[in-house]
Amino acid sequence: MNSPALEQAAGLYNYWIVIVLMMTGFYIVLARRNLIKAVIGLNIFQTSVFLLYVTMGKVRGGTAPIIPPEVAEAQAKAMHETGHSEHGTHALGTVSEEIVGAHAAHADLPGADIIYSNPLPSVLMLTAIVVGIATTALALALVVRIREDYGTIEEDRILEIDRADGLPDDDDEDQWIDADTHSLAGSSPDTPTDSESVN
Amino acid sequence: MTEHLPILLIVLPLVAAPLCVILHQRTAAYTLALLVSWITFGISIALVAQVNQTGVIRYNLGGWAPPYGIEYLVDSLSSFVMMFVSGIGAIVLVYAPKSVDDEIARSKHYLFYATYLLCLTGLMGMCVTGDLFNVFVFLEISSLSSYALISLGQTRRAPLAAFQYLIIGSIGATFILIGIGLLYQMTGTLNMADIAARVPQENGPRTVLVAFSFLVIGLCVKMAVFPLHTWLPNAYTYAPSVVTCFIAATATKVSVYAFIRVIFGIITPGFAFDYLPLDTELTILALVGIFVASTAAIYQANVKRLLAYSSVAQIGYMILGISMSTPGGLTAGIVHMFNHALIKGGLFMIVGCFALRLGSVKLDDWKGAGKTMPWTSLGWAIGGLALIGVPVTAGFISKWLLLTAAMEKGMWPVAVLMLLSSLLAVVYVWRVVETLYFSEPTAKVLKAKEAPLGMLIPTYVVLAGTFVFGVWTTYSADLAAAAAAGLLGATP
Amino acid sequence: MIKFPIIRVITKLLIPYILLFAFYVQFHGDYGPGGGFQAGVIFASALILYGLVFGLDAIKRVAPPIVIEKLMAIGVLVYAGTGFATMMLGGNFLDYDVLEHSFNHKYLPGGQHLGIFLVEVGVGITVTSVMTMIFYAFASRSRFV
């Protein structure tokens, strides 16, 4: 029971959760017969990726990545004294070295021993969640329209109806439906995505 | 102001889209969209010129230096792709109003143009950004707006096609997201150049392998490489004509661009092609795809679907060029992106003209249209020649480059198969030509008028482009060659 | 519609606090956890709750769809406008540092604060209106499904 391989596998339990969720979602999307279930499967699939990112950002023993105000003040004072707060464009590669150097130089600063979790993966996931919401809303809007046009959300049934109408690539005149009856529910979810994109 | 050009390229269409919603009036929205798309085109031409003179342009979003901030990067490859994508976007909008009036409800026009601009934003953003996560975000902006655009088609199959595309496309995008996440885990950075410098490639740790596989498969879905192309025919067939023109000419090309970036900008070709047998796999997939899709195109009764299958085949040529990973092959792949965008854009515009006048895109309904719609029919013949790759057309340039690259590499069977596959293109182009010119016109066709000049002129501009760039290659093949050299040389 | 007095009263009691919480999350976003997206969703949830309990017509009187549609666009414009402002002041797009010395400090916070505040306001407006719009888009079609 105490074999190192097993321990390692158990220590990476977050990945197991991610993999199980991912495969569940993927299976639902592939095996779906119902359009709503496909959307649910897609959501589970995406959620597993959110989890992958968020667990990636956790540092063992790390706290929330917010610098306590008193530490921030003390650091600002120290930084001001050494005059090391240049902000501008640097050539690639030098910035990271400089920051690392700056960090090393200020290792004696108050609060330098606080370990922060990595906030970046969570921030990325905020954007990805917004994208996920937009996708889900658009998908549901499309399902509503499909339901109105076909009267069903079962894919088999829809294909049957299509086949009854003729070959899948036939566009018969009588099927040309009045475009005015549809409102553009699908276009509205796009807006949040772009507003978040630059974040 | 010139230093802000890379960001203006994205922000202008991004701002114009909500302005279209505020204007609410369809002519005003159209005018704004038209104006902004042409300004975008102008900016990308200026960027091409600037890159030619001064080299790579970098722009730090928010003043944050890379690797921490998002860096926008314009080099010879991205400026080239931006140029033709925004060019097609602008010219399709000139062509659009009549067709949009006919196929989309008037109350929704302003939303249509807003969504169109968002799609353009996403495509431009994918080209210009140097940040891997930003690529995902812009990919999703362009994809989501293209799902919405496709669902505007007239038949009830349009929402279904859009839904199927959405499901497959979202899975692809999520795969890309997983790949990005794993690369971030390995390197701790999202800047492409920074990842390239940090990612351990020599022995290929398992995480990098997995990340790379996810990225490649996700992008293959978006590019519609052969076995993952199933979303494409339905999406192109049931979308409104204007949307098909725009998306067919640009969306898959930009994904190909992202693919090139991943292979040559982040992971080295050595890792992808020598350590992993990706080149052989891609070559086989590309060739199988070319033959299967071309053969499928021959049997289509619906012209839009015929062209859609032809698009899958043409993607095969691009992948073939990229998988050679020689300067010649890469140049051929890149220049074929440009040429195919022109050719397929032009052909879909012709289809739009027929759809407007004949109310159908089925081949049977086009019988004898050569008599009543001579210019439109001639346009098909011209575009068809370019698609086959007849000399002095743009299609010839890319196929010639691809052929010579294949021979240089000693891939004789590939060269022979490519020539054979062109014969298949002859067959499906000829089927339509035969129907147009050598069939008895039906009563409906006899009543049809020639397509309006407002649509014919932009179409012919694009088709003339296929000839211009078939002879004068300074701004197509030469730029592509420079881009290929930049990719294969020291990566920035 | 059947009247459920308890639900109606509780809703009326809850909505002010939901809105207040939304504003807290919005305006605290540049100091601590929070921000436009979260605030927008919370704000929209108050509107949607009102719509669920009092009916679609009632909520459409409070937040007419045409206004919501314009707000959707205005939010994005606020965001982009901040970017343009920073560009006009000589910085890069969304480089908030240039806002530092451009405005009177007595009334306005410093550069990064002001910049992120404006951007989050834009995000908040857009997210609120988009969420409400999605609700309208689906709720208006209830008779079909």
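This is a predicted model: local features need pLDDT of at least 70, side-chain atom pairs count only at pLDDT 80 or more; totals for chains, interfaces and linings use all residues.
Residues are numbered from 1 along each chain as its sequence is written, while chains are lettered from A and ligands numbered from 1 in the order in which they are written.

Chain B contains 21 helices and 2 strands; here helices (H or I, at least four residues) and strands (E, at least two) are DSSP runs, numbered from the N terminus. The radius of gyration of chain B is 21 Å, close to the 23 Å that the globule rule gives for 492 residues, so chain B is as compact as a globular protein of that length. The radius is taken over C-alpha atoms, and the globule rule is 2.2 Å times the number of residues to the power 0.38. Along the principal axes, the C-alpha atoms of chain B fill a box of roughly 70 × 55 × 40 Å. Buried residues account for 68% of the 492 residues of chain B. A residue is buried if 20 or more other C-beta atoms lie within 10 Å of its own, exposed if 12 or fewer, and partly exposed in between, with C-beta atoms placed from the backbone. Of the contacts in chain B with a separation of 6 or more, 80% are between residues 24 or more positions apart; two residues are in contact if their C-beta atoms, placed from the backbone, lie within 7 Å.

Chain A comprises 8 helices and 0 strands, and its elements run α-α-α-α-α-α-α-α from the N terminus on. Of its 199 residues, 30% are buried. Residues 24 or more positions apart supply 74% of the contacts in chain A with a separation of 6 or more. Helix α6 of chain A (residues 120-150) has 31 residues and should span 45 Å at 1.5 Å a residue; its end C-alpha atoms are 44 Å apart, which agrees. The expected span of a helix is 1.5 Å times one less than its number of residues. α6(A) is mostly covered, with 22 of its 31 residues buried. Just after this helix, G151(A) adopts a positive phi of about 80°.

Chain C has 5 helices and 0 strands, and 43% of its 145 residues are buried. Among contacts in chain C between residues at least 6 apart in sequence, 61% join residues at least 24 apart. An unreviewed UniProt entry annotates residues 9-27, 39-59, 71-94 and 114-139 of chain C as "transmembrane region"; positions are given in the numbering used here, feature names are shortened, and annotations may be inferred rather than shown by experiment. In the model, residues 39-59 of chain C are 95% helix and 0% strand, with end C-alpha atoms 19 Å apart. Residues 114-139 of chain C are 100% helix and 0% strand, and the end C-alpha atoms of this span lie 37 Å apart.

The contact between chains B and C involves 14 residues from chain B and 15 residues from chain C. On the chain B side, the elements giving two or more residues are α1 (5-23) and β1 (57-60). α1(B) gives the most, with 8 residues. By class, this side of chain B has 10 nonpolar, 4 polar and no charged residues; Ala, Val, Leu, Ile, Met, Phe, Trp, Tyr, Cys and Pro count as nonpolar, Asp, Glu, Lys and Arg as charged, and the others, Gly among them, as polar.

The 19 residues of α1(B) should span 27 Å at 1.5 Å a residue, and the end C-alpha atoms are 26 Å apart, which agrees. A kink of about 25° lies at V11(B), shortly before the proline P13(B); the bend at a residue is the angle between axes fitted to the seven residues ending there and the seven starting there. Of the 19 residues of α1(B), 17 are buried, and H24(B), just after the helix, takes a positive phi of about 70°.

L23(B) lies in helix α1 of chain B and counts as buried, with 20 C-beta neighbours inside 10 Å. Leaving aside neighbours within four places in sequence, L23(B) is in contact with A28(B), A29(B), L32(B) and Y110(B). Helix α4 of chain B (residues 109-128) has 20 residues and reaches 29 Å from its first C-alpha to its last, close to the 28 Å expected at 1.5 Å a residue. In α4(B), 20 of the 20 residues are buried, so this helix is largely enclosed by the rest of the structure.
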